[in-house]
Amino acid sequence: MTDKKLLRVDGLSVDVVKGTMVTPVLSDISFSLNTGHVLGVIGEAGSGKTVLSRALVNGLGPPLEISSGQVIYKGRNILDLSQRELRLIRGKEIGYIGANPMGSLDPTMAIGEQIVEKLRSVRPDMSAVAAKERVLDVLASVHIPSPEARFHEFPFQFSGGMMQRVMIVDALVTDPTFLVADNITQALDVTVAAQIIRLIEELRLKFNTAIVFVSSSLPVVSSLADEILVLHEGKIVEHSTPHELINQPRHDYTKSLLARLPRIWGDDVKQLAENNGDVVLSVRDVAKTYVVRKRGTFNDHNYVQAVRGVSFDIHEGENFGIVGESGCGKSTLTRLLAWLETPDAGTIRFQGFDLAELTKAELVTMRSSFQLLLQDPYNALPSRMPVGRIIAESLYIHDGGSKEEIRRKVLSAMEEVGLPKDLENSLTVGLSAGQRQRVCIARALVLEPKLLILDETLSALDQVEQAQLLELFALLQEKYRFTYVFISHDMAMVRKVCNRIAVMYLGKIVELAGNSILFENPQHPYSKALLSAVPTLDDHPFQAEEYLLDGEPPSPVDIPQGCTFMTRCPARMKICGSREPDLNITVGRAQSACFRATEMGDEVPHQLK
Amino acid sequence: MFILGFLTRRILQGFIVLFLVTFAIFTLLRVVPGDPARLIVGGMAPDNVVAQKAEELGLNDPIPVQFITYLGQLVQGDMGNSFLRPKSGAIVGASEYDDPTRGNRAQVLDLILERLPLTLQLAGVSIVFCLLIAFPLGVAGGLRPGSWMDRLAFFAGSLFVSMPNFWLGIVLAMLISVKMGLLPSIGYKGFSYTILPAFVLAIELAPFVIRTLTVSIAQVMQEEFITIAPIRGLTPFRIVFAHAIRNASIPLLNLFGIQLGTLLGGVLVVEYIFDYPGLGLLTINSVLQRDFPLIQGIAIFISGIFVFINIIVDLAATAIDPRLEY
């Protein structure tokens, strides 16, 4: 019986040992895995899932120590093997892919060279020519375009998604029988992550590899795995099939995990109405192009068209979402909205004033009304300044009154964002990401702004903290009638809070619609692709098989003629090659830049079919 | 072509640096006390001879005019003539007036080029020694932070940095040349004369290299691509030699560009102690004798070497890490 199992883990426990302090990280993990099967492991940050995946390949180092248990691979305990015996199977029969593809290869060497190096390390009998051929073959099999050219490129020349494919090649090039995939989609855009999942599925069918697939996203794991382990505080709390896990969760933790999953589609999803307050921010035909010296030339330049003519209005008290993949220009747009950079063309009017026409002094005054909150709360705060002083800083700049008055304002802002008063004089060192983000919010809040621009502000936080901050935002909005611009790639979060959403692609808005229209009846094929990639347990109206796209957006240096989406569009027509569609009005107040949109406009929403 | 653009830009920058150095040196030498004309013709020479010499050399012109004249000559590769050194090579006393060799002064450029190979040899050998000492210590220390090897590297570094080069030079000359008679140490009659001074210089440079290597190797070993490499199936040998050292050598290269100054400073002292007839000894003597054109020439020449080596260092760093190609 045991011989049939490719991998069996028995009572595995791992501790963190620091001096005499011993803290358990994993305790009593047991499971087994057959050839060709996928075992999903789901857990939050800190649940020990990365430690588990490293332990499976005997890749733990100090301060982590295996205190008991066995990992039996093909009848032998991997944990007992000598370094030399280990070298005969690890990297060869056992593959490992990590969460950080960009850091997994030597940045100073071409990727092909490094995969060949690996292949020949585990198979010294292979000639250099044969190894190179093999690597090129596998590069092609994971859909990396022009593998011969990319073979000689360096890691920094790859996007995150392409680099993850390279790491998959690195693991698969030796035909492993067992593969550990540790949170491999975490750092990727949703569409790219969905492509990678599809790729793993394909490879499993082709090579019959046994896979341990570790992830923090239940929808992702359940779409792929035959069985799922739920890991919580270093213990397996539940072990069942995806179907059973979702429909009949037994453990309380699994139940709470399911309850916390954001809902995207379904009858019970809260519908957000559009609102028609006064226009706070009005953006007209805004464009920004960066001039970058071309690599390998002396005086030749590339024109990176980051934002190419964007127009929209934001109404008072609304939540406006801007979504899109990395590289679509949303960060540049954020910087323009916050007037950190000035647009090359077009105007941005805030409360009726054209920001370009204000004097420096007027601009400083105006700035107190629109504030930017960034993604990384660690770099956004000076580390040698006490919290109270950080928050007071903006009041000093904007002449916030006497010392006592400033202190009073600071303390009331701290109370409002939920920071305890005694933090006023402490440094930011010991604060959690969520608390730091609250300091950032308080710093913006003391100025009594009208508009808050949130650039991926909640992306770095875990689900619980994210939910708490969203509550805080809602509370502040109710009290002060704040207007929010959410720039995000997290579709679930956008679905939950935004009244209207703009979808960006290659520097343009391709669709601008109310929440329910965008999620239930989007017109633009790119919006559909984006939605099809969203991992969810809900009944998915956009099946990946039908809508998910291959490849990546074209470079903003070489923008295709006509409709920029044409190169990837499944429904392109003749006209698309010659003319770029504008944002046309289609359903209700939704706009979509697609020639097909108008003809499909009166179709019934998907949910009602 | 990246290389061409890079070279053009850096060489242009180099010329600006050289121009500024030339200007600074030239002006400073003109404002220090002492009359060059009197220096040339001899302290006891009659005033009219001094005045005539000053007129001849253009020393009565305003300093900017003199500077432009000098620049004009410099562009043609003419660094002027030494005030004091005759072509024959003998150094003359400065106070006598009627010295027959005085009319026939040596070209500054010739003097420099004559000494340069010896100094380059000294520097080259000392860099080799330095790497031989520092690499094993630094790499071993970086691979096992906190171990006895790390402590050994630290200890060796502290020891080397606290031994002054003049002291070490004298002690080594005493021990190895005088007591044991293993190596010669005064003057230059063959390659063996380079070994001791090069060793002293190597000891002076080594602590910086050891420290940089220890830190950067330890840092690189923490990087994910190294920690993950054994899981990918790479051997420890390849991990250290093909990846860790490769990545750690970039800060080392940059250090070399900067430590060139230390090396040159060391050369001055060490050449003087060992009476090694290189550029350093020439510099010291010309400073002591106030041989202005020679001091000027050496300073400009050395700043030229500085610029050149730093261009090479940056090129080499780019060759190792293509991300630096900006």
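A salt bridge, as the term is used in these legends, is a side-chain nitrogen of Lys or Arg within 4 Å of a carboxyl oxygen of Asp or Glu. The structure is a predicted model, in which local features need pLDDT of at least 70 and side-chain atom pairs count only at pLDDT 80 or more, while totals for chains, interfaces and linings use all residues. Residues are numbered from 1 along each chain as its sequence is written, chains are lettered from A and ligands numbered from 1 in the order in which they are written, and side-chain values use heavy atoms, with hydrogens and water left out.

**View 1. A salt bridge between Arg568(A) and Glu325(A).** The closest N and O atoms of Arg568(A) and Glu325(A) are 3.9 Å apart. This pair links distant parts of the chain, 243 residues apart: Arg568(A) belongs to the loop between helix 20 (544-547) and strand 21 (584-585) of chain A, and Glu325(A) to the loop between strand 13 (319-323) and helix 11 (330-337) of chain A. Helices (H or I, at least four residues) and strands (E, at least two) are DSSP runs, numbered from the N terminus. Arg568(A) counts as buried because its relative accessibility is 11%, and Glu325(A) is likewise buried, at 4%; here buried means under 20% relative accessible area, exposed over 50%, and partly exposed in between (1.4 Å probe, protein chains only).

View 2. Lys255(A) is partly exposed, since its relative accessibility is 39%, whereas Asp252(A), with a relative accessible area of 57%, is exposed.

**View 3. A network of salt bridges that links Lys288(A), Arg335(A), Glu341(A) and Asp344(A).** Arg335(A) is partly exposed, with a relative accessible area of 37%, while Glu341(A) is buried, with a value of 17%. Over all chains, the count of salt bridges comes to 27.

**View 4. A tilted pair of aromatic rings, Phe350(A) and Phe370(A).** Rings of Phe, Tyr and Trp (its six-membered ring) pair if their centres lie within 6.5 Å, and planes under 30 degrees apart count as stacked, over 60 as edge-to-face and the rest as tilted. By this rule there are 23 aromatic pairs over all chains. The ring centres of Phe350(A) and Phe370(A) lie 5.0 Å apart and their planes stand at 55 degrees, so the pair is tilted. Phe350(A) is in strand 14 (residues 345-350) of chain A and Phe370(A) in strand 16 (residues 370-373) of chain A, so that the pair, 20 residues apart, links distant parts of the chain. Phe350(A) is buried, with a relative accessible area of 1%, and Phe370(A) counts as buried at 5% relative accessibility.

**View 5. One aromatic cluster and two charges over rings in chain A.** The aromatic cluster is formed by Phe473(A), Tyr480(A), Phe482(A), Tyr484(A) and Phe486(A). A charge sits over a ring if NZ of Lys or CZ of Arg is within 6 Å of the ring centre and within 35 degrees of the ring normal. Lys132(A) lies over the face of Phe151(A), at 4.8 Å from the ring centre, and the charged end of Arg150(A) sits over the ring of Phe158(A), 4.1 Å from its centre.

**View 6. The interface of chain A and chain B.** In this interface, 30 residues of chain A are in contact (heavy atoms within 4.5 Å) with 27 residues of chain B. The two chains bury about 2600 Å² between them, 54% of it on carbon and sulfur atoms, where buried area is the accessible area (1.4 Å probe) that two parts lose on being put together, summed over both. There are two salt bridges between chain A and chain B, and Glu117(A) and Arg238(B) meet through their side chains in a salt bridge (2.6 Å, N to O). The elements that give two or more residues to the side of chain A that touches chain B are helix 3 (111-122) and helix 6 (160-172) of chain A, and helix 3 of chain A gives the most, with six residues.
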